[in-house]
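Dear colleague,

I am passing on the structure we spoke about, and below it you will find my notes on what turned up when I went through it. Please read them with the structure open beside you.

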Amino acid sequence: MITGSRGCLKCSPEAIRVLNEVKGPYLNKKLRGDPELRAKLQNLLENRTEGLSWQPIREGSFMGVIDEVTLRQLTGHFKRSMNRIMENQFEGGQLFNEITWSLQDLLVTFKKLMAAFQKLYCINECGHMDYMFISCFSCKAHVYSCTKKFHCGERKLKVETDEDLILDCAMRWHRYNHGVMKYTFYRIVNGKEQEMTTTMDSFLVKKEANANDAGRYRCKLIGAEKRIKSTLDFQVSVVPPVGRTTWFPRPHPTLEAPLTLGISSRAPLPKPDWTAWIVVGTTGGLLFIIVAAFLCYYRHQNEKEEEESGSDDDDEEEEDEDESGSSE
């Protein structure tokens with residue numbers, strides 16, 4: 001943070017770097033021949049960015065402070081708008097209009113972010129939450145706390161056998177909490193805590209859960225100086241898999257006989273396999289069509305030959321009659 005600065009945006013070193021680049025090298029190069037316009041834009045950039053802290057103090061909209069998350073969002077918006085201007089070939093009046101519009105949009109974005117930020121104060125429904133607020137007038141940071149009941153309740157989890165058991169300790173307000181945080185997971189046995197692991201992640205995964213994993217677990221959010229910020233319990237039940245076939249040994253009167261397996265009554269009855277009948281029927285039908293077509297063709301050819309032979313006989317009879325008439 002840059003202490004002694006005025007304006008919420010000027011508390012960000014990244015924003016100051018981009019602002020100085022636009023005011024200095026960029027405008028000096030683009031407006032070398034127009035010093036009056038260059039000076040006008042430089043003053044406009046300085047006054048508008050500093051003027052973000054001149055908003056009226058009003059609860060729910062602006063209280064003269066900003067947090068780290070909101071400052072990063074505001075800085076990102078400012079960098080994108082300034083980089084867009086520097087990457088395009090704006091000249092003269094168009095350049096003035098683009099910078100003016102970007103600064104107006106920056107003010108609108110600032111008001112939206114600040115209104116959302118005001119709703120985050122003391123949002124923790126349980127536990128101890130630390131805030132780091134940055135003064136928009138001096139850029140000095142101060143840590144504030146909001147403490148409520150430390151126990152955040154119990155979550156009931158039901159996991160199927162051989163599925164992964166996931167204990168997720170994250171709560172919405174954790175991401176806005178200031179400072180380094182760690183999560184310690186415990187298993188509760190006979191009312192006593194048995195530590196499992198401590199990690200920066202808010203969740204713990206137990207692969208291929210079984211009946212021995214059922215029971216009570218606990219997660220603690222640990223802050224600076226190992227201070228407990230919140231606790232959360234889990235009641236885990238491990239159940240048989242649903243919708244899958246369960247095999248079990250069928251009881252037998254003697255131990256010497258071979259062990260047979262039966263299918264669970266929960267399993268659906270096997271569906272009949274008609275594949276072989278479909279193949280046989282299709283093949284038989286195809287052969288029938290081929291044979292019928294061959295017989296029709298053979299019959300047609302015989303009829304055609306008979307007709308041709310009959311017509312030849314008629315011609316021979318007519319020739320014989322003509323020869324006998326001429327001899328008479």
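A residue counts as buried when its relative accessible area is under 20%, and Phe-133, at 10% relative accessibility, therefore falls in that class. Tyr-131 is likewise buried, at 5%, whereas Tyr-144, with a relative accessible area of 39%, is partly exposed.

Please bear in mind that this is a predicted model, with a pLDDT that averages 83 over the protein and reaches at least 70 for 80% of the residues. Over residues 253-267 the pLDDT stays under 50, and where pLDDT is low the predicted coordinates should not be read in detail.

The model contains an open, antiparallel sheet of three strands in the order E1-E2-E3. Strands E1 (65-67) and E3 (141-147) stand at its edges with a single partner strand each, so one side of each has no neighbour in the sheet. Strand E2 (residues 128-135) is joined to E3 by seven bridges, and Met-132 has Val-143 in E3 as its bridge partner. Helix H3 (residues 68-87) packs on this sheet, touching E1 and E2, with its direction at about 90 degrees to that of E1, while helix H4 (residues 92-118) lies across E1 and E2 at about 80 degrees to E1.

As for the aromatic residues, Phe-117, Tyr-131, Phe-133 and Tyr-144 are linked by ring pairs into a cluster. Within it, Phe-133 and Tyr-144 form a tilted pair, 5.3 Å centre to centre with 35 degrees between the planes; because Phe-133 lies in E2 and Tyr-144 in E3, the pair ties together parts that are 11 residues apart in sequence.

Best regards

Terms used:
Residues numbered from 1 in each chain as written. Predicted model: local features only at pLDDT ≥ 70, side-chain atom pairs only at ≥ 80, totals over all residues. Heavy atoms only, no water. pLDDT = per-residue confidence, 0-100. Contact = heavy atoms within 4.5 Å. Pairing = 2+ DSSP bridges. Helix = DSSP H or I, 4+ residues; strand = E, 2+ residues; numbered from the N terminus. Axes fitted to C-alpha atoms, helices over the stretch in contact; angles between N-to-C directions. Buried < 20%, exposed > 50% of the residue type's maximum accessible area, 1.4 Å probe, protein only. Phe/Tyr/Trp six-rings, centres within 6.5 Å; stacked < 30°, edge-to-face > 60°.
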